[in-house]
Amino acid sequence: MSLSGLATGAAADTESLAAIRQWLADGRLPLPDDFRLSVARVPNAASLPPSAGPRIYETSELDVRASGDGGLHIWWRSSGAFAAVAPDRPEVALTLTAEAAARGVDLFRLFLMNVLILTLKRSGLYHLHAASARDPDGRDWLLAGDSCCGKSTTAAYLASRGWGVGTDDMTFLHASGEVCRALAWHGRIALRPGGQALLQAAGGVVIPERGKLGFLPEELGGHWVQTITPSYLLFPELGAERTWLEPVSAGAVLSRIVPWTFWVLFETRGADEYLEVLKRLATQTTAYRLHLGPDLFERPSAFAELLP
Amino acid sequence: MNTTRYRRHADVRLTDVGGEGVVLHLGERRYFSLNETGLTLLGALAEPRTLPELVASLCEEYEVTAVEAESTARAFLEQCLAAAVVVVSEP
């Protein structure tokens, strides 16, 4: 891994580089040996390259376009930042305006995490919006779904039952031999007030930008686990009268999981390889829809009674 | 429709497990789920095919009448053309 504050045609940004270095260290994700990142500073957004090239996708914050060489160009619209991702290796050159560099946690949450996701794809690490966990018997679980499906609350619940938890939403899938592994980005499990109340969780750290309270797995009675080999895949859903598991076929896993990773898929480069990783995941796991009901929190044994 | 040749769009990728699958249209940034029949048809459309050729592929694969197979293939083609998953193949 190499991090550099130097870039051609702009001033080095060693201050931002130090902050990014710390952010990557806190994330504890094993970065590939050939990962390269450089950071340059420009005075304002007018100094950034103009938006151009075929659009891959866009959000209110991001404009992602194909560069002519098979790489990606990514603009952070609201604060003025630009990333040039190399076509076939995990290498990215960042250009930050002073405004972007001053955005603090938003720089990481809204821009750099997305840049990192698209950069790591070049080395076969594919982002999936999922929580990861290891049960007391050593079996590994993924919980995939959107940010309001009960994924984080379930991850916190599992930690409180002594499970290992890797992440509540930032998982990177990776093909290792014939199996699919899942690597966790280390961070706090972010609970909304409702989840905190259900778990009767005390302590935690305020995450103001998300309006949530964050807990490390060990603060809830569990422990952190970085890499898992998923045997079970859950799709949590809120609103059931009682908690129960509904089997999902391996084939249906494919279409169920695509929404939680689709924006990584819609770049032509690497799409076939990533579909193969998803196929491995669908094949190696037993999948269920997890219908979450209030009994999960009323009876400590409720989830254990469901397990296969 | 009988002599026109169709093929999968170049931006389409698909994979399957156990007779169910998913189709990605990279250009349109959309995805679709597929049942076994759809997988058979879209698999055949990796090469340019006419409707009668698609009907024949269904009849070979499944115990269906030619009328049933044509109805299925025609409806599938219409859906895929509307979604740009399948395009008319230029001669």
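Leaving out neighbours within four places in sequence, Tyr57(A) is in contact with Leu62(A), Asp63(A), Val64(A), Leu118(A), Trp263(A) and Arg29(B), where contact means heavy atoms within 4.5 Å. The model is a predicted one, in which local features need pLDDT of at least 70, side-chain atom pairs count only at pLDDT 80 or more, and totals for chains, interfaces and linings use all residues; side-chain values use heavy atoms, with hydrogens and water left out. Residues are numbered from 1 along each chain as its sequence is written, while chains are lettered from A and ligands numbered from 1 in the order in which they are written.

Tyr57(A) belongs to strand β4 (residues 55-58) of chain A. Helices (H or I, at least four residues) and strands (E, at least two) are DSSP runs, numbered from the N terminus. With a relative accessibility of 9%, Tyr57(A) counts as buried. Buried means under 20% relative accessible area, exposed over 50%, and partly exposed in between, with a 1.4 Å probe and protein chains only. Tyr57(A) and Trp263(A) are 206 residues apart along the chain, yet their C-alpha atoms are separated by 7.5 Å.

Helix α1 (residues 14-27) of chain A has 14 residues and spans 20 Å from its first C-alpha to its last, close to the 20 Å expected at 1.5 Å a residue. The expected span is 1.5 Å times one less than the number of residues. Within α1(A), the residues Ser16(A), Leu17(A), Ile20(A), Trp23(A), Leu24(A) and Gly27(A) are buried. They lie on the same side of α1(A) because they cover an arc of only 120° around the axis, the arc being that of the directions from the helix axis to the C-beta atoms. Thr14(A) and Glu15(A), on the other side of α1(A), are exposed. Arg28(A) follows α1(A) and has a positive phi, near 55°.

Strand β9 (residues 126-134) of chain A has eight of its nine residues buried, so it is largely enclosed by the rest of the structure. Two strands pair if DSSP finds at least two bridges between them. β9(A) is joined by four bridges to strand β12 (residues 170-176) of chain A, and the two run antiparallel; here His127(A) stands opposite Phe172(A). Five bridges link β9(A) with strand β10 (residues 140-144) of chain A, again antiparallel, and Arg134(A) stands opposite Asp140(A). The hairpin of β9(A) and β10(A) has five residues between the strands, and in it Gly138(A) takes a positive phi near 85°. A further three bridges connect β9(A) to strand β11 (residues 164-167) of chain A, also antiparallel, with Val165(A) as the bridge partner of Ala133(A).

Thr285(A) is located in the loop between α8 (271-284) and β21 (286-292) of chain A. Thr285(A) is buried, with a relative accessible area of 9%. A polar atom of its side chain lies 2.6 Å from the backbone oxygen of Leu281(A). A polar contact is a pair of N or O atoms within 3.5 Å; within protein, one must be able to donate a hydrogen and the other to accept it, and residues adjacent in sequence count only if both atoms are side-chain atoms. Not counting residues up to four places away in sequence, Thr285(A) touches Pro230(A), Ser231(A), Tyr232(A) and Leu233(A).

In chain B, an open sheet of three strands has the order β2-β3-β4, with antiparallel pairing. Its edge strands are β2 (12-17) and β4 (30-34), each of which pairs on one side only. The twist averages 15° from one strand to the next. β2(B) is joined to strand β3 (residues 20-25) of chain B by six bridges, and Asp16(B) stands opposite Gly21(B) in β3(B). Helix α1(B) lies across β2, β3 and β4 of chain B and runs at about 115° to β4(B). Axes are lines fitted to C-alpha atoms, for helices over the stretch in contact, and angles run from 0 to 180 degrees between N-to-C directions. In α1 (residues 36-44) of chain B, the buried residues include Gly38(B), Leu39(B) and Leu41(B). At the start of α1(B), a side-chain oxygen of Asn35(B) comes within 3.3 Å of the backbone nitrogen of Thr37(B).

Arg5(B) is found in the segment before β1 (6-8) of chain B. Arg5(B) is partly exposed, with a relative accessible area of 35%.
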